[in-house]
Amino acid sequence: MIVQPDHSLTTESWQHNLAPYNLGYRIKLLSQLLTRKFTDKLEPFGLTPFHWLVLCCLWQEDGLPTSSIGEKLQQVGGTLTGVLDRMEERGLVRRERDTHDRRIWRIWLTDAGKELETVLPPIAAEVREEAMQGIAIADREIFSQLLNRAIANLS
């Protein structure tokens with residue numbers, strides 16, 4: 001069902017749709033603040049939030065094809081390739097051709113990449129806790145569910 005906009009509304013009635021009050025702007029601002037804070041925490045390790053995301057994928061399932069990592073993170077190949085290049089240079093991952101399909105590159109954690117699994121998640125949790133201060137656990141869960149629903153609606 002397509003809902004037609006009601007052009008008879010007054011400016012005051014749709015002010016909440018304008019930046020800096022609209023949902024998209026506030027979500028973007030929250031994302032930027034979280035990214036900035038997390039970037040600061042990752043800096044001593046020489047990592048970025050994108051490195052963190054790739055590591056999370058591989059901690060969950062090591063040896064993923066590059067394309068699967070890109071799909072999980074909804075990233076284009078060129079961007080991911082550069083990140084993987086830097087991670088490989090840092091000794092966090094290694095690339096190997098798939099044994100059944102030589103067109104596919106699989107990404108594997110090195111020992112250094114595996115070791116970060118004990119170090120980085122507590123740092124991420126610290127940033128999350130700072131952002132969620134004063135918000136009840138039940139409200140955090142509802143917030144997460146609402147975000148998931150909005151993402152699903154637009155995907």
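Is Arg 128 buried, partly exposed or exposed, and what is its relative accessible area? Arg 128 is partly exposed, with a relative accessible area of 47%, where buried means under 20%, exposed over 50% and partly exposed in between, computed with a 1.4 Å probe on protein chains only.

This is a predicted model, in which local features need pLDDT of at least 70 and side-chain atom pairs count only at pLDDT 80 or more, while totals for chains, interfaces and linings use all residues. Residues are numbered from 1 along each chain as its sequence is written, and side-chain values use heavy atoms, with hydrogens and water left out.

The structure holds nine salt bridges, a salt bridge being a side-chain nitrogen of Lys or Arg within 4 Å of a carboxyl oxygen of Asp or Glu. Among them are the following pairs.

| Salt bridge | N to O distance |
|---|---|
| Asp 85 and Arg 95 | 2.8 Å |
| Asp 101 and Arg 103 | 2.8 Å |
| Arg 128 and Glu 129 | 3.5 Å |

The bridge between Asp 85 and Arg 95 ties together parts that are ten residues apart in sequence, because Asp 85 lies in helix H4 (residues 77-89) and Arg 95 in strand E2 (residues 93-97). Helices (H or I, at least four residues) and strands (E, at least two) are DSSP runs, numbered from the N terminus. Asp 85 is partly exposed at 31% relative accessibility, and Arg 95 is likewise partly exposed, at 21%. Together with Glu 88, these two residues are linked in a network of salt bridges.
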